[in-house]
Amino acid sequence: MTDSFVIDVADRQTTLEVNRRQVVKAVEMILGDAAVARTVISVAVVDDPTIHQLNRQYLDHDYATDVLSFVLERDRDLLEGEVIVSADTAASRAADFGWSAAEELLLYVIHGTLHLVGYDDGSPDERAIMRARERDCLKRLGIDPPQQGRASGDRPADGQIAAADGERGKEAT
């Protein structure tokens, strides 16, 4: 999309095939919408044991989760961050919401990237705004969100999504 976006996708799992182009396209779309000038974003696709360990290490949560996001640096000229998503969780939960594991995983990437650009889901109003953005992003990528699930606002988010802002280990507010 633009030379000011550096997006690295690391696939560190064996559960599902990752469409790197689609992941990059989703991240670029969100960054473009947010009018971020320069970015360095790392997206890591991992398994449940890895995301569990990271969740425990950085957020003191002793469970696997679907997505973690960390803002490493943010100023008016640069956003540097990481999004870590679990392919195992996507594979195990996708059928519950009536779509593929790849689509569930892409939702996690979208959700984590929205956190990086400043969206939050801590309150019902914030959650509704974030879910609407998720649905919009999915539709723009040619994916019809399921009738129930996080993208439609019916899936519980509390305790499922962990986002950190600034230094690792500092939970976002």
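Arg133 is buried, with a relative accessible area of 14% (buried means under 20%, exposed over 50%, partly exposed in between, with a 1.4 Å probe and protein chains only). Keep in mind that this is a predicted model, where local features need pLDDT of at least 70, side-chain atom pairs count only at pLDDT 80 or more, and totals for chains, interfaces and linings use all residues. Residues are numbered from 1 along each chain as its sequence is written, and side-chain values use heavy atoms, leaving out hydrogens and water.

Let's follow the partners of Arg133. Arg133 forms a salt bridge with Asp33, with the closest N and O atoms 3.2 Å apart (a salt bridge is a side-chain nitrogen of Lys or Arg within 4 Å of a carboxyl oxygen of Asp or Glu). Arg133 sits in helix H5 and Asp33 in helix H1, so this pair ties together parts 100 residues apart in sequence. Helices here are DSSP runs of H or I with at least four residues, numbered from the N terminus. Asp33 is partly exposed, at 38% relative accessible area.

Arg133 also meets Asp136 in a salt bridge (2.9 Å, N to O). Both residues lie in helix H5, three residues apart, about one turn of the helix. Asp136 is partly exposed, at 32%. Through shared partners, salt bridges join Asp33, Arg133, Asp136 and Arg140 into one network.

Elsewhere, the side chains of Arg56 and Asp62 form a salt bridge (3.0 Å, N to O). Arg56 is partly exposed at 40% relative accessibility, while Asp62 is exposed at 55%. The structure holds seven salt bridges.

Note on methods
Helix = DSSP H or I, 4+ residues; strand = E, 2+ residues; numbered from the N terminus.
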